[in-house]
Amino acid sequence: MKQSKEHIEQCIRDILEYLGEDPNRPGLQGTPDRIVRMWGEIFRGYDPEKKPTITTFPNGEDGIVFDNLVVDEGPFYSECEHHMMPFHGKYWFGYIPNPKGRILGISKIGRVVDYCAARLQLQERLTREVVEMLEEALGTEYPPLGMALVMKGTHLCKTMRGSRKEGTMTSYYMTGVFRTDKELREEFMNLTK
């Protein structure tokens, strides 16, 4: 059962008191409301209405059939489900369209990454969810020949607490020819260095 905004704000005040703070002091008076609104933005991935529409186009529609590697890269931001602390980094997505299938609208890749990342996550699960959502959008009749996603992230639950060590976690998920063609896999992985 979803709780009211007022109830969650009271929980945040209780947490502030637990930490030794005075939730009524001037600097904290609006904090519970700000946190609730921030969570609405950061965790928009739980709202099915905010799921991006993934535009695809028939391969060859413009007279050019494309069956080579297409790569997109960009930043990502998410929250660790174990400690509710941010992790962020960079992703590299690659795919080989099916000559008889469809191609992705390139801006949709980043939107899918953002939507899937906007939940409490594990980086490993995030990597897989992005690929599966994009594969689904391209259909099953003529699926892409292969998809690959590499994500490199810095986790604040590692750098700010616990081991307090700097470092990057790398996760990847691959389908189709990226799993079976060693040269193609190496070509793609070299792009992430």
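1. Is Cys 157 buried or exposed in this structure? Cys 157 is buried, since its relative accessible area is 12%, where buried means under 20% relative accessible area, exposed means over 50%, and partly exposed lies in between, with a 1.4 Å probe and protein chains only. Before going further, please note that this is a predicted model, in which local features need pLDDT of at least 70 and side-chain atom pairs count only at pLDDT 80 or more, while totals for chains, interfaces and linings use all residues. Residues are numbered from 1 along each chain as its sequence is written, and side-chain values use heavy atoms, with hydrogens and water left out.

2. On the cysteines, a disulfide is taken to be a pair of cysteine sulfur atoms within 2.5 Å, and by this rule the count comes to 0 disulfides. Cys 157 is in no disulfide, and the nearest cysteine sulfur, which belongs to Cys 80, is 3.8 Å away. Cys 11, with a relative accessible area of 31%, is partly exposed.

3. The sheet deserves a careful look. Helices (H or I, at least four residues) and strands (E, at least two) are DSSP runs numbered from the N terminus, and two strands pair if DSSP finds at least two bridges between them. On that basis 5 strands form an open sheet in the order 5-2-3-6-7, with mixed pairing. Its edge strands are strand 5 (120–121) and strand 7 (169–176), each of which pairs on one side only.

4. Within the sheet, strand 2 (residues 70–80) and strand 3 (residues 86–96) run antiparallel and are joined by 10 bridges, and Tyr 77 stands opposite His 88 in strand 3. The hairpin of strand 2 and strand 3 has 5 residues between the strands, and there Met 84 takes a positive phi near 55°. Strand 3 is also joined by 10 bridges to strand 6 (residues 146–155), again in an antiparallel arrangement, and in strand 6 the bridge partner of His 88 is Thr 154. Strand 2 and strand 5, by contrast, pair in the parallel sense over 2 bridges, with Cys 80 standing opposite Gln 121 in strand 5.

5. Rings of Phe, Tyr and Trp (its six-membered ring) pair if their centres lie within 6.5 Å, and planes under 30 degrees apart count as stacked, over 60 as edge-to-face and the rest as tilted. The structure holds 4 aromatic pairs. One of them is the edge-to-face pair of Phe 76 and Phe 87, at 6.1 Å centre to centre and with 70° between the planes. Because Phe 76 lies in strand 2 and Phe 87 in strand 3, the pair ties together parts that are 11 residues apart in sequence. Phe 76 counts as buried at 0% relative accessibility, and Phe 87 counts as buried at 1%.

6. The buried residues of helix 1 are Glu 9, Ile 12 and Leu 16. Seen down the axis, they fall within an arc of 55°, so they line one face of helix 1, the arc being that of the directions from the helix axis to the C-beta atoms. Helix 1 is followed by Gly 20, which has a positive phi near 100°.
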